[in-house]
Amino acid sequence: MEQQITNQMTLMGVYNSIKGWMGTRMAVMGITIYLFALCVLCSNNLIAQTPNQTSQKQAGSFVLSGTIENAESPYLYLLYESTPGVRLKDSSRIVDNKFQFKGSILEPTDAMLRENSSVFLNGKVIADETNMNMVSIYLEKGTMTAHVVHDDFRSIKISGSKSQDENVKLTNSLIPFQARIFALKDAIKQSRTDKAPKEKIDSLENLENKAGKETWAAIQKFIYENPDSYVSADELCSFRNLWPFDTVKHLFDNLNPEIKKSRDGQKVANLIRETELASVGTMAHDFSGSELNGEKIKLSDFRGKYVLIDFWGSWCAPCRIGNPHLIELYNQYKDRNFEIIGVATDDKEVPWRKAVEKDKIGIWKNILDTDEASRGSAIAHKYAVHSFPTKILIDKQGKIIGRFKGDDGEKLEELLAQRLK
């Protein structure tokens, strides 16, 4: 058996991007319309790291033994996290259609079992919907057995893992939603090919949007009804930056204490802690930066005005699509003690300046967050911003009175109309 520690950032990025055919990450494919309205910054640098309680847990050994039908490779590969931040790529030689993996984990852990040695083919990532020889599973301490079939890894049968049983239960509950989403995607694609009327395409996209919401609701229902499941913590962690904060906190509060202390539970706890420090009703954190012309500005310079902090990036399509509407709001309220400060996050100077010029948003204050220590996210970190666009409204006294994520434009308009009569 060969085992190696892989490059953490590369592997974790690829791993998370393909991790879920047997899990629920495939459900995200049905919510692309949401992601069009919301860019998610997946970097954990936006979350203050606290001592991980999972490190206090005792590692335990696992054995995954199994059989494979019609194998075309002499090896199987298993990717998993042994300790926080350390992912392993293990291999097992197939002998007489049998394989075995041994290792240690701190808690039930999601893993990727695959037949191909790399997720790349000709320099491109093999999409999980076309790769029938990889599957997401849950490892647990103890002995597990599995049976898998070449070109049909998704039909894997595993015994000895309670978390895997729960994962299958969740996945099966989502099949009707995913089938509807894929059918709608095909219909939308065909309608565009046929140059169907815009009204028809819009109608199909609205149905896809609705199916996405139903998928999310089903996942949330599972999490709420299974508070003692590590799968629940994993799912909540995966969607923590997409779902409304109140929803995330409600679901987290319902988890049992042991699950809250899990690796994924602690990530959610960190997000909640950071968000509450910058929630509505708290005083806004001061920050400074250089404006387009090099002038140094601070948030506190604008005390006595209502200030809208717009977290965005030249790379964020939804942010830029919303700029014309933001210009309208600015022109409407700029003479009523109202200012906007655009904070470009995880951006570079040249594309940032080009985007400001092209979108004609140099009419308000713009700064580029260049704190390399936080990979360009220092200000966003202070305000617990993990998705874009996010807008935060501050009153004349420097208190946060509104947080708006994605397409919450109407709510922002209502609050501005109330405060800036």
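**A lined cavity and the salt bridges of the model**

The second largest cavity has a volume of about 40 Å³, in a predicted model for which the count comes to two cavities of 30 Å³ or more. Its lining is made up of Glu107, Pro108, Asp110, Tyr138, Tyr230, Asp234, Arg263 and Asp264, and the elements that contribute two or more residues to this lining are α5 (230-239) and α8 (263-277). By residue class, the lining of the second largest cavity comprises three nonpolar and five charged residues, with no polar ones.

Side chains of opposite charge can pair when their charged atoms come close, and 14 salt bridges are counted in the model. In one of these, the side chains of Glu81 and Arg263 meet at 2.9 Å, N to O; Glu81 lies in strand β4 (residues 75-83) and Arg263 in helix α8, so the pair ties together parts that are 182 residues apart in sequence. Both Glu81 and Arg263 are buried.

A salt bridge also joins Arg180 and Glu214, whose closest N and O atoms are 2.4 Å apart, and this pair links helix α3 (residues 162-193), which holds Arg180, to helix α4 (residues 198-225), which holds Glu214, across 34 residues. Arg180 is partly exposed, with a relative accessible area of 37%, and Glu214 is likewise partly exposed, at 27%.

Lys249 forms a salt bridge with Glu276, with 3.9 Å between the closest N and O atoms; Lys249 belongs to helix α6 (residues 245-254) and Glu276 to helix α8, 27 residues apart. Lys249 is partly exposed at 25% relative accessible area, as is Glu276 at 38%. Finally, salt bridges with shared partners join Glu81, Asp110, Arg263 and Asp264 into one network.

Terms used
Residues are numbered from 1 along each chain as its sequence is written. This is a predicted model: local features need pLDDT of at least 70, side-chain atom pairs count only at pLDDT 80 or more; totals for chains, interfaces and linings use all residues. Side-chain values use heavy atoms; hydrogens and water are left out. On a 1 Å grid over the protein atoms alone, a cavity is a set of points where a 1.4 Å probe fits but cannot get out, and a pocket is an open set with protein on both sides within 12 Å along at least five of seven lines; lining residues have an atom within 4 Å of a point. Grid points are joined across faces, edges and corners, and a volume is the space filled by probe spheres set on the points. Helices (H or I, at least four residues) and strands (E, at least two) are DSSP runs, numbered from the N terminus. Ala, Val, Leu, Ile, Met, Phe, Trp, Tyr, Cys and Pro count as nonpolar, Asp, Glu, Lys and Arg as charged, and the others, Gly among them, as polar. A salt bridge is a side-chain nitrogen of Lys or Arg within 4 Å of a carboxyl oxygen of Asp or Glu. Buried means under 20% relative accessible area, exposed over 50%, partly exposed in between (1.4 Å probe, protein chains only).
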